[in-house]
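I opened my notebook to look up a few surface and ring features. Here are my entries, in the order I wrote them.

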Amino acid sequence: MAKTSDGLFEETPEHDIRVKQPIYKSLFFQIIVAIVLGVSIGWLFPDLGAQLKPLGDAFIRIIKMIIAPLIFLVIVTGIAHVGDVRSVGRVGVKALTYFLIASTFALVFGMIVANIVRPGAGLDIDPASLDTSALEAKTAGGELPTASEFLLNVIPESVMGAFASNILLQVLFFSVFVGAAIVVIGKDKVKPVVDLLDSGMTIIFKIMGWIMRVAPIGAFGAMAFIIGQYGIATLGTYAVLIAACYGAAIIFIGLLFLVAWGFARVPLWQFIKYSRSEFALALGTASSEAVLPRIMAKLTAAGCPRSITGLVVPTGYSFNLDGAAIYLSIALLFLAQAFGVDLSLGEQLGALGILLLTSKGMAGVPGSSFLALSATATALGLFPVAGVALLLGADRIMDSMRVSVNLLGNCVAAFVVSRWEKQLDYDQMWAAFSAENVDAVQLETAKA
């Protein structure tokens with residue numbers, strides 16, 4: 001490993017850890033094949049595709065089974081081994097600062113794209129023609145929490161309830177307290193507990209390895225359902241809106257490349273290549289939770305400290321939804337344009353402020369994007385709230401875009417905060433990036 005002029009490290013042959021394997025054994029290859037098969041089944045046999053939904057749902061549920069204990073173990077052991085309670089608060093403040101800047105920029109960027117492309121222009125929708133029954137079913141009659149409710153809900157009423165319901169922020173909140181208590185008491189005095197938690201990490205990673213063997217089946221079922229249920233024709237009906245959202249996502253990802261290199265000196269393309277199985281799975285299942293355990297392990301193996309990864313990534317799942325922010329701002333202007341409402345700059349800035357608040361309470365709320373748009377439409381009073389039902393046909397198609405950008409945005413956040421804390425291990429990062437069989441080596445590295 002050789003140092004560059006800026007004191008960082010560049011890849012050298014000593015880190016060329018290559019483990020050759022047949023392509024058909026690659027998880028990435030298996031997931032891509034599964035996605036292609038799922039699209040084909042959903043397109044050619046839509047009724048059959050729609051019935052394959054349980055395959056995708058079962059995989060998501062089995063992943064959710066280990067998320068809460070994984071986050072607890074990663075955070076507690078990370079803080080315990082670092083041994084510095086103050087660094088936890090410092091990392092939290094830096095992460096929230098980054099999240100606020102990134103999500104605000106994502107909203108502004110989405111509005112700029114919507115003003116340029118004008119995806120809803122010329123539709124001239126009659127509000128009386130809208131059927132809102134499907135929208136009510138989608139949102140299950142719920143509503144987004146207020147700011148005070150959202151903050152209060154971070155504190156669990158019951159620790160067991162937080163774990164049972166997979167409420168990530170509540171699990172994280174409790175985990176920080178446990179980790180801090182171990183540091184204050186002294187790791188040596190509670191060594192049996194720390195050893196037990198470390199052993200628990202080994203068990204969870206072993207279970208995670210087993211679960212990922214069936215990931216292609218989950219991706220196949222989820223993709224077959226999406227295409228079978230909503231149909232290829234949906235792409236044509238909402239072509240401009242879909243193109244605007246996915247085009248904006250591609251440009252935003254390009255900006256993330258600049259942020260990753262400019263602030264953390266991380267070659268993001270190398271990281272995406274290294275984590276290609278996780279990103280393919282996120283695209284196939286359209287679920288960020290499906291890859292949360294694996295992406296945390298990959299980040300840790302790529303040089304981000306376990307304590308920082310454990311804090312930044314789960315928190316980002318609630319506070320740093322860049323893909324959702326882009327979609328919300330484009331969708332809002334799409335609806336205004338579809339009803340012939342021309343929003344002034346001031347009205348758009350007002351909508352931006354409302355979206356900035358409503359988007360923070362979206363995680364884990366059924367139909368959250370519809371609720372956020374409905375709340376914004378109600379506050380603005382410029383077009384019928386029922387108009388949000390227009391997005392029902394396109395919303396599911398947008399999931400892969402939202403999940404991919406959300407996931408990559410939080411990975412970049414972990415690298416930036418790690419670099420900000422001067423704890424990003426470039427030796428380990430290049431060793432991970434140069435390993436060909438990353439699936440075989442990354443779990444052991446993440447546990448170390």
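**Entry 1: the nonpolar patch.** I looked up where the nonpolar patch gets its largest share, and four residues come from helix H4 (residues 85-117). Helices here are DSSP runs of H or I with at least four residues, numbered from the N terminus. The patch on the surface is formed by Val-108, Ile-112, Ile-116, Val-117 and Val-240, with about 410 Å² of accessible area together. I noted the rule for patches: residues have over 30% relative accessible area and no salt bridge, and nonpolar side chains (Val, Leu, Ile, Met, Phe, Trp, Tyr) are joined within 5 Å, like charges within 9 Å. A salt bridge would be a side-chain nitrogen of Lys or Arg within 4 Å of a carboxyl oxygen of Asp or Glu. Areas come from the Shrake-Rupley method with a 1.4 Å probe, and for residues only the protein chains shown count as cover.

**Entry 2: what I am looking at.** This is a predicted model, where local features need pLDDT of at least 70 and side-chain atom pairs count only at pLDDT 80 or more, while totals for chains, interfaces and linings use all residues. Residues are numbered from 1 along each chain as its sequence is written, and side-chain values use heavy atoms, leaving out hydrogens and water.

**Entry 3: ring pairs.** Rings of Phe, Tyr and Trp (its six-membered ring) pair if their centres lie within 6.5 Å; planes under 30 degrees apart are stacked, over 60 edge-to-face, and the rest tilted. I got 13 aromatic pairs by this rule. Phe-72 and Phe-174 are stacked, 5.9 Å centre to centre with 15 degrees between the planes. This pair links distant parts of the chain, 102 residues apart: Phe-72 is in helix H3 (residues 53-82) and Phe-174 in helix H8 (residues 168-185). Phe-72 is buried at 15% relative accessibility, whereas Phe-174 is partly exposed at 26%.

Next, the ring centres of Phe-109 and Phe-252 lie 6.3 Å apart with planes at 45 degrees, so this pair is tilted. Phe-109 is in helix H4 and Phe-252 in helix H12 (residues 239-264), 143 residues apart. Phe-109 is buried at 11%, and Phe-252 is buried at 3%.

**Entry 4: a cluster.** I also found Phe-271, Tyr-274, Phe-279, Phe-415, Trp-430 and Phe-433 linked into a cluster by ring pairs.

Notes: Helices (H or I, at least four residues) and strands (E, at least two) are DSSP runs, numbered from the N terminus. Buried means under 20% relative accessible area, exposed over 50%, partly exposed in between (1.4 Å probe, protein chains only).
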